[in-house]
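Here is a short report for a reader who is new to this structure. Look over the sequence and the model first, then read on.

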Protein chains: 2
Amino acid sequence: MKFYYYYSTDLIYAIPDHDNRHRYICQSCGEIHYQNPKIVAGCIPVWEDQVLLCKRAIEPRYGYWTLPAGFMELGETSVEAGMRETMEEANANVAVEDLFAVFSLPYVGQVYMMFRSRLLNLDFSPGIESQEVELYKEENIPWDELAFTTIRATLEHYFEDRRKGEFSLHTGDVVKKENGYDFIPTLIKE
Amino acid sequence: MKFYYYYSTDLIYAIPDHDNRHRYICQSCGEIHYQNPKIVAGCIPVWEDQVLLCKRAIEPRYGYWTLPAGFMELGETSVEAGMRETMEEANANVAVEDLFAVFSLPYVGQVYMMFRSRLLNLDFSPGIESQEVELYKEENIPWDELAFTTIRATLEHYFEDRRKGEFSLHTGDVVKKENGYDFIPTLIKE
């Protein structure tokens, strides 16, 4: 919710006909400006026993490490979005292998979709949103300098599955707590 | 893309600084109005060997059969969105068991997330967006009267997995072709 809407000339915040929620409605043209969660699509780019991480050159979390990921755009598929973000942030070419993680972040209106992927070569370099791009073995992952709870949860699940020798889909939610964020796996099995 | 934006007083369609795409930008306040794909979350409500379908009472595809699904809202998780839509369209209570299908529809800017779920009781009835709500065995599914390609693909995968005795995640894209739509499973395995 962005309060600037309230100061716009024609927009009101009200429940449209045949709806049960408040929406931003233009009194001039009648258009309803729906606001819905956005998809953040990204990759886990893997090379042998290493994973490619990017050190952020932008806020939020400037200077912290992340997997390449960003907002999915109109006109692309979620796989294409994950590959595009990997190219933009790390100039890295990947082949997507499987959807690995789907996490909801209700407090910020986002759904993360992370794809397990194979790095096709070592010709990667920082994109405009990254300071550095580097391959990390599990034991060297900068766990205390990761940018987001979603990235930590994705990497933890990835290395755990790799030890088991079997990858599966992981779903869950990130929730806000007093002094940070918690990852809660979805309890969806009987 | 909605052309009404062009006629608004202050909105222009241009590439913002540090971006590589055209966006709607308010020249008055500087706000960038991003438009991104929306998530459609829904359920496959299962009772014994039957699946609950809803006959649509709204456009598009008025009178055709669908699984309960609709746009995810801000502030909820994808599981909550699927359960809410199932309640709104079929007044049905479900327990979600697993994420079953994730389909991209790039031509319309949507990503479907369908959850396999267990109907908790038989107290269901049409919601305001449904004419009828009915349980169908596989052999009675109205295949020629299904509302959307996503729904057909979800049901086909569901019954196929059930015959195999093992459910897994299905990912793919729906693409527009000359006289309709095609479902294309994501080729993501080596």
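Predicted model: local features only at pLDDT ≥ 70, side-chain atom pairs only at ≥ 80, totals over all residues.

## Helix H2 of chain A

Several residues of H2(A) are buried. They are A:Ser78, A:Val79, A:Ala81, A:Gly82, A:Arg84, A:Glu85, A:Thr86, A:Glu89 and A:Ala90. Just after H2(A) comes A:Asn91. A:Asn91 takes a positive phi of about 45°.

## A residue in helix H2 of chain B

Chain B also has a helix H2 (residues 78–90), and B:Met83 lies in this helix. Is B:Met83 buried, partly exposed or exposed? The relative accessible area of B:Met83 is 34%. Buried means under 20% and exposed means over 50%, so B:Met83 counts as partly exposed.

Which residues does B:Met83 touch, leaving aside its neighbours within four places in sequence? B:Met83 is in contact with B:Cys43, B:Val94 and B:Val96. B:Arg163 is 80 residues from B:Met83 in sequence. In space, the two are 25 Å apart, C-alpha to C-alpha.

## The sheet of chain A

Strands of a sheet pair through backbone hydrogen bonds, either parallel or antiparallel. In chain A, three strands form an open sheet, and the pairing is antiparallel. The order is E1-E2-E3. Strand E1 (11–14) and strand E3 (32–33) of chain A are the edge strands. Each pairs on one side only.

How many bridges join strand E2 (residues 23–26) of chain A to E3(A)? Two bridges join them, and the strands run antiparallel. One residue pair can be named: the bridge partner of A:Ile25 in E3(A) is A:Ile32.

## Domains of chain A

Chain A is divided into domain 1 (3–33) and domain 2 (38–185). The centres of domain 1 and domain 2 of chain A, taken over C-alpha atoms, are 35 Å apart.

## Two copies, one axis

Two copies of a chain are related by a rotation about an axis and a shift along it. What rotation superposes chain B on chain A? The rotation is 180°, with 0.0 Å of shift along its axis, and the RMSD is 0.0 Å. That is the relation of a two-fold axis.

The same surface serves both copies. Of the contact residues of chain B, 98% recur in chain A. Which residue of chain B comes closest to the rotation axis? B:Lys38 does, at 3.4 Å (C-alpha).

Conventions: Residues numbered from 1 in each chain as written. Chains lettered and ligands numbered in written order. Heavy atoms only, no water. Helix = DSSP H or I, 4+ residues; strand = E, 2+ residues; numbered from the N terminus. Buried < 20%, exposed > 50% of the residue type's maximum accessible area, 1.4 Å probe, protein only. Contact = heavy atoms within 4.5 Å. Least-squares fit on C-alpha atoms with pLDDT ≥ 70 in both. Pairing = 2+ DSSP bridges. Domains from an automatic or database assignment.
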